[in-house]
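My notes follow in the order I took them.

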Amino acid sequence: MSNKLEVFFKPKSIAVVGASKESQKIGHAALKNILISDYQCDLYPINPHEKTILGVPCYKKLTDVKNDIDLVLISVPAKLVPSIMHDCVKKKVKNIIIISSGFSEIGNHKLEDEIKDIIKGKNIRVLGPNTMGYKNAADGLDASFVFGTPRKGTLSLISQSGALGIGMIYLANNEFVGVSKIIGVGNKLDITDDDLIDYFRDDPDTNVIGLYIEAVKNGRAFMNSIKACDKPVLVVKAGRSSAGARATSSHTGSMAGSDNIYSAAIKQAGGIRCRDVSELFDMARALEGQPPLRGNRIGIITNGGGLGILLTDACEANGLSVPKLSKKTADKIDKIIPDLVNANNPADLVADAGFFRYESATKIMLEDPDIDGIIVASVHGGYARPREFTGAILKMVREQRLHEAHNKPILGTWVGGKEFEDLVFDLKSLIQKNFASFCPQIIHLP
Ligand code: COA
C-alpha cells in the first residue's frame, strides 16, 4: 500500500462531515476537538443546513470545498456513509475516519462491503467504521470525538474498543504513562493492527506499542508486523473464555479465535501478551525508556532474601537466568555488605541497606559483562527507609543515566505498604515528566 499513514496522522486539512451545532452530537464534539487541538490545519465543517459551526465557515457538501482535503471524519448515520464515500472519491481524499456505527458489528456486512467496493483500487485509507478516531498527542492533533487529553509520551496504543481506548487514556494519565498516539480501529475495514504496527515501528515519537485486540483480520500479516518491529509490542487479547469470545462477536463483529493459538503466535512473533490493561501500562512504563535486554542474564539486588528468591523464580519462569556471580564481582560486593552475608545472585544487601549499599552494588553489577540487566528491589524491612533506596536509583538513572551508559536495563521494584505507595506515586509522576526509565510498582506477594 503506497499510502503510508503519514498524512493520515499529520493532515494539513481536515473536513468533518456531519458537523453539528448541537453540542450533544458526536459531529459537534469531533469538530470541537480538532478546533481546540494545538495543531495547525485547514478545517472544513460539512453540514447541508448551516453557514458556520463553532465560528468556522460551513460547506453544504464535501465537493463544495475547493482546496484539497487530507483527512475526512464522517459522523452521519450509517446509511448515508456510502454517498459521502463517493464524494470522497470525487474529491480525491486519501484518508477517511468513519465514526458511524451500524455496520458488520451489528451484522450489516452488506453496507460494510459496499464501502469496501467504493475504495477498491483508489489508494484510500479508511479507519473504522465504528471508531472513536485517534488522538495524536505527539503532534497535538485530536481527531476523535471523545474527551480526554493524554499526557505526551512514547507509548502508542491501538484499541479495537473505542470505549476501552478512552478508558486507557484516563488510566494512562492516572498512571503517569505518556502517550504518543491512541487510535480506535473499530471494525478494521481497511486500516488494521498490522498497518499501525508498521507505521509505529518507524515513528520517531513511538518507543513502545500497545494493543487491545479482540481478533485480527490477517494472522500472518499481524505476526509479520510484530516480527519486523524492533520496538516492544504489548498485546492484551480479549475473549479468552468461551463467553468472552461470544461477546467479541457482538462487539466488533469479529471471531475471537483460539486463545492458545493467539498466545503462541504473539510469543513466536516476539510480542508480549499482557494479562490485562494494567499490566500493559506497567510494562510500557518499564520498557519505554530502557535499552533492550541484550541477553537473558539478570542480576538481582535486594535487601530481603525472600524477595530475592521470589524474583529469581519469576525470572527463571519467564526464560531469564539468574547466574552465579563471577569471583571478581562477588569480591567487590562483599566489600560493601556486612560480614554476616556472602555476595551472591540474588545479592542480599541485608535489611538495613541504605543509599550507599544500593548504589554501590548496582554499579558493580552494571560493570559485570556477564550480567545483561538488573532488578533492584526493596522490601520495607523496617530499618531502611524507602526513600533511601529510591534515592539511590534516582541518582543512577536520572542523574548519571547509567542504564544508557552501560546499555543495560534497570528495573526498580518495591514491596511495602502506604509509605511505598506514596513514594511510588511521587516517582511515577517524576519519571513521566522527564525520564521514563524504570518501573515503580508494588509486587503483591502471593
Ligand atoms: N452531509 C453532511 N452532514 C449531513 C448530511 C450530509 N450528507 N446528512 C445529514 N447531515 C447532518 C445532519 O443534519 C446533522 O446535523 P444537524 O445536527 O445540524 O442536523 C449531522 O449531520 C448528524 O446527523 P444526525 O442524523 O443528527 O446523526 P447523529 O449525530 O445523531 O448520529 C452518528 C450520527 C454517526 C453519531 C450515529 O449514527 C452513530 O453511529 N453513533 C455511534 C457512533 C459510535 O459510537 N462510534 C464508535 C465509537 S467507538
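**Ligand shell and one asparagine**

I looked first for contacts with side chains, keeping in mind that the model is predicted. An N or O atom in the side chain of His49 is 3.4 Å from an oxygen atom of the ligand.

I turned to Asn47 next. One of its polar side-chain atoms lies 2.9 Å from an oxygen atom of the ligand.

I then checked the backbone. At Ile99, a polar backbone atom is 2.9 Å from a nitrogen atom of the ligand. The ligand on its own has 970 Å² of accessible area, and the protein covers 71% of that.

Which residues come nearest to the ligand? I noted Ser20, Lys25, Asn47, Ile99 and Ser101, out of the 23 residues around the ligand.

I sorted the shell around the ligand by class. I found eleven nonpolar residues, ten polar ones and two charged ones.

Where does the ligand sit? I located the ligand in the second largest pocket.

My last entry is on Asn136. I found this residue in strand E8, which covers residues 133-136.

Is Asn136 buried or exposed? I put Asn136 down as buried, because its relative accessibility is 0% and the cut-off for buried is under 20%.

Conventions:
Residues numbered from 1 in each chain as written. Predicted model: local features only at pLDDT ≥ 70, side-chain atom pairs only at ≥ 80, totals over all residues. Heavy atoms only, no water. Near = heavy atom within 4 Å. Polar contact = N/O pair within 3.5 Å; in protein donor to acceptor, adjacent residues only side chain to side chain. Areas by Shrake-Rupley, 256 points an atom, 1.4 Å probe, with all protein chains shown as cover. 1 Å grid on protein atoms, 1.4 Å probe; cavity = no way out; pocket = protein on both sides within 12 Å on 5 of 7 lines; lining within 4 Å. Sits in = over half its atoms within 2 Å of the grid points. Nonpolar A, V, L, I, M, F, W, Y, C, P; charged D, E, K, R; others polar. Helix = DSSP H or I, 4+ residues; strand = E, 2+ residues; numbered from the N terminus. Buried < 20%, exposed > 50% of the residue type's maximum accessible area, 1.4 Å probe, protein only.
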